[in-house]
Amino acid sequence: MSWRTAARLSQIREDEIYPAHVDGVDLILVRHEGGLSAYLDRCPHEGAQLSFGTREGDVLICGRHLWEFDVRSGEHISRVPRPQFDLTKAPLRIVGDQVEVDVSALA
């Protein structure tokens, strides 16, 4: 794995979408009750940047077409399951106050 610092944990507030750029890859970081997750900053529907979306609790809403995703799992939330539209999750770890991600398999 190739760990790179994306942010300081203390910078990322609850209920926000935190944009990060690591090794040429745009990501979003989201805190939630279960911890912290990192996803590609790209809606799998039409590629809109999720960092321009909104968040309501544990639901991330794409700003372009209002598609919704679970911030904990990245799962597309819909009456019809569409796993091909789940968010792409990046491996993440926390070392002290540093949030590190491995984007080597994503780019």
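Lys and Arg count as positive here, Asp and Glu as negative, with His and the chain ends not counted. Each charge is placed at NZ of Lys, CZ of Arg, CG of Asp or CD of Glu.

View 1. The protein chain carries 12 positive and 17 negative side chains. The centres of the two sets lie 2 Å apart. Residues are numbered from 1 along each chain as its sequence is written, and side-chain values use heavy atoms, without hydrogens or water. This is a predicted model: local features need pLDDT of at least 70, side-chain atom pairs count only at pLDDT 80 or more, and totals for chains, interfaces and linings use all residues.

**View 2. Strands and overall dimensions of the protein chain.** There are 10 strands and zero helices. Both are DSSP runs numbered from the N terminus: helices are H or I, at least four residues, and strands are E, at least two. The C-alpha atoms fill a box of roughly 40 × 25 × 20 Å along the principal axes. For 107 residues, a compact globule would have a radius of gyration near 13 Å; the protein chain has 13 Å, which agrees. That radius is taken over C-alpha atoms, and the globule rule is 2.2 Å times the number of residues to the power 0.38.

**View 3. The largest nonpolar core.** A nonpolar core is a set of buried Ala, Val, Leu, Ile, Met, Phe, Trp, Tyr and Cys residues joined through side-chain atoms within 4.5 Å. Buried means under 20% relative accessible area, exposed over 50%, and partly exposed in between (1.4 Å probe, protein chains only). This core has 17 residues; I12, L27, L29 and V101 touch the most other members. β1 (4-8), β2 (18-22), β3 (25-32), β4 (35-40) and β10 (98-101) each give two or more residues to this core. Another core, of 14 residues, lies apart from it and includes V30, W67, F69 and F85.

**View 4. Surroundings of L29.** Contact means heavy atoms within 4.5 Å. Neighbours within four places in sequence are left aside. Among the contacts of L29 are A6, A7, I12, I17, Y18, L92, V99 and V101. E16 and S37 also touch L29.

**View 5. C62 in its loop.** C62 sits in the loop between β6 (59-61) and β7 (68-70). C62 counts as buried because its relative accessibility is 2%. Beyond four places in sequence, C62 touches C43, A48, L50, G53 and W67. E46 is 16 residues from C62 in sequence and 10 Å away in space, C-alpha to C-alpha.
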